[in-house]
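This briefing is meant to be read slowly, with the sequence and the 3D view side by side. Please look at the structure first, and then follow the topics one at a time.

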Amino acid sequence: MTSYQDRQLIDRMLEESRVIAVVGLSPDPERASHYVSAYLQQHGYRIIPVNPVVAGTRLLGEHVYSTLTLAAAALAEQQTRIDLVDVFRRAEEVAPMAEEAVAIGTRGLWMQLGGANETAAKRARAAGLAVVMDRCIKIEHARWRDQQRLDAQP
């Protein structure tokens, strides 16, 4: 069960983030990383793909970077920053992504379902990042959007 504070953190992250780097974004439309990213794009977020296997190509209309560091540097040249890092990697592979997220100065780290890594979360929180673990950003966005609609009704 998600606590009220967790829900507030998730809602704030979804509301304040505009540019989301997706680590592990697959070119396969059947993979969760791909369709979740496409969904987020359809809802106004800019998706920055990070995948060393397909770096230099384009996914969802965006250049694919091999690392968060390279993505952040390229975006900085455009006066843009990565607001949130969404990680689609196994839990044991998340710690280096958390370190990079801290190094590039992003505001948040989101570890998708099955990707929770408490060590990475502690490191990111210690550096001041908002952290969500073991939650699907697509599911949370749909809940958040529905709640906004309900709140807007007279």
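This is a predicted model: local features need pLDDT of at least 70, side-chain atom pairs count only at pLDDT 80 or more; totals for chains, interfaces and linings use all residues.

Leu60, for example, has its place in the loop between β3 (58–59) and β4.

- Most residues other than glycine have a negative phi.
- Leu60 is not a glycine, yet its phi is positive and near 55°.
- Is Gln79 buried or exposed? Its relative accessibility is 71%, so Gln79 counts as exposed.

**Helix α4 and its surroundings**

- Helix α4 covers residues 94–104, and the residue that follows α4 is Gly105, whose phi is positive and near 80°.
- Which residues of α4 are buried? They are Val94, Met97, Ala98, Glu100, Ala101 and Val102.
- An α-helix has 3.6 residues a turn, so residues three or four places apart point the same way.

**How α4 meets α5**

- The axis of α4 and the axis of α5 (residues 118–126) come within 8 Å of each other and cross at roughly 10°.
- Because angles under 35 degrees count as roughly parallel, α4 and α5 are described as roughly parallel to each other.
- On the α4 side the contact involves Val94, Ala95, Ala98, Glu99 and Val102, while α5 contributes Ala120, Arg123 and Ala124.
- By class, the residues in this contact of α4 with α5 are six nonpolar and two charged, with no polar ones.

**How α3 meets α4**

- The axes of α3 and α4 come within 9 Å and cross at roughly 25°, and these two helices are therefore roughly parallel to each other.
- The crossing in which α3 passes α4 is right-handed.
- Leu68, Thr69 and Ala72 of α3 make this contact with Met97, Glu100, Ala101 and Ile104 of α4.
- Sorted by class, the contact of α3 with α4 has five nonpolar residues, one polar and one charged.

**His34 in helix α2**

- His34 belongs to helix α2 (residues 32–42), and since its relative accessibility is 12%, His34 counts as buried.
- The side chain of His34 reaches the backbone oxygen of Ser26 at 2.8 Å.
- Apart from residues up to four places away in sequence, His34 touches Leu25, Ser26, Pro27, Asp28, Pro29 and Leu60.

**Trp110 in strand β6**

- Trp110 is found in strand β6, and because its relative accessibility is 0%, Trp110 counts as buried.
- Once neighbours within four places in sequence are set aside, the contacts of Trp110 include Ile10, Met13, Leu84, Val85, Val132, Arg135 and Glu140.
- A polar atom of the Trp110 side chain lies 2.7 Å from the backbone oxygen of Arg135.
- Between Trp110 and Thr69 there are 41 residues of separation in sequence and 17 Å in space, taken from C-alpha to C-alpha.

- Ile48 is part of strand β2 (residues 46–50), and at 1% relative accessibility Ile48 counts as buried.
- Leaving out residues up to four places away in sequence, Ile48 touches Val19, Ile20, Ala21, Val22, Glu62, Tyr65, Ala71 and Leu75.
- Ile48 and Val23 are 25 residues apart in sequence, while their C-alpha atoms are 8.5 Å apart in space.
- Glu62 lies in strand β4 (residues 62–63), and with a relative accessibility of 15% Glu62 counts as buried.
- Among the residues that Glu62 touches, with those up to four places away in sequence not counted, are Gln41, Arg46, Ile47, Ile48 and Thr57.

Note on methods. Residues are numbered from 1 along each chain as its sequence is written. Side-chain values use heavy atoms; hydrogens and water are left out. Axes are lines fitted to C-alpha atoms, for helices over the stretch in contact, and angles run from 0 to 180 degrees between N-to-C directions. Helices (H or I, at least four residues) and strands (E, at least two) are DSSP runs, numbered from the N terminus. Angles under 35 degrees count as roughly parallel, over 145 as roughly antiparallel, 65 to 115 as roughly perpendicular and the rest as oblique. Contact means heavy atoms within 4.5 Å. Ala, Val, Leu, Ile, Met, Phe, Trp, Tyr, Cys and Pro count as nonpolar, Asp, Glu, Lys and Arg as charged, and the others, Gly among them, as polar. Buried means under 20% relative accessible area, exposed over 50%, partly exposed in between (1.4 Å probe, protein chains only). A polar contact is a pair of N or O atoms within 3.5 Å; within protein, one must be able to donate a hydrogen and the other to accept it, and residues adjacent in sequence count only if both atoms are side-chain atoms. A crossing is left-handed if the near helix is turned anticlockwise from the far one by less than a right angle, and right-handed if clockwise.
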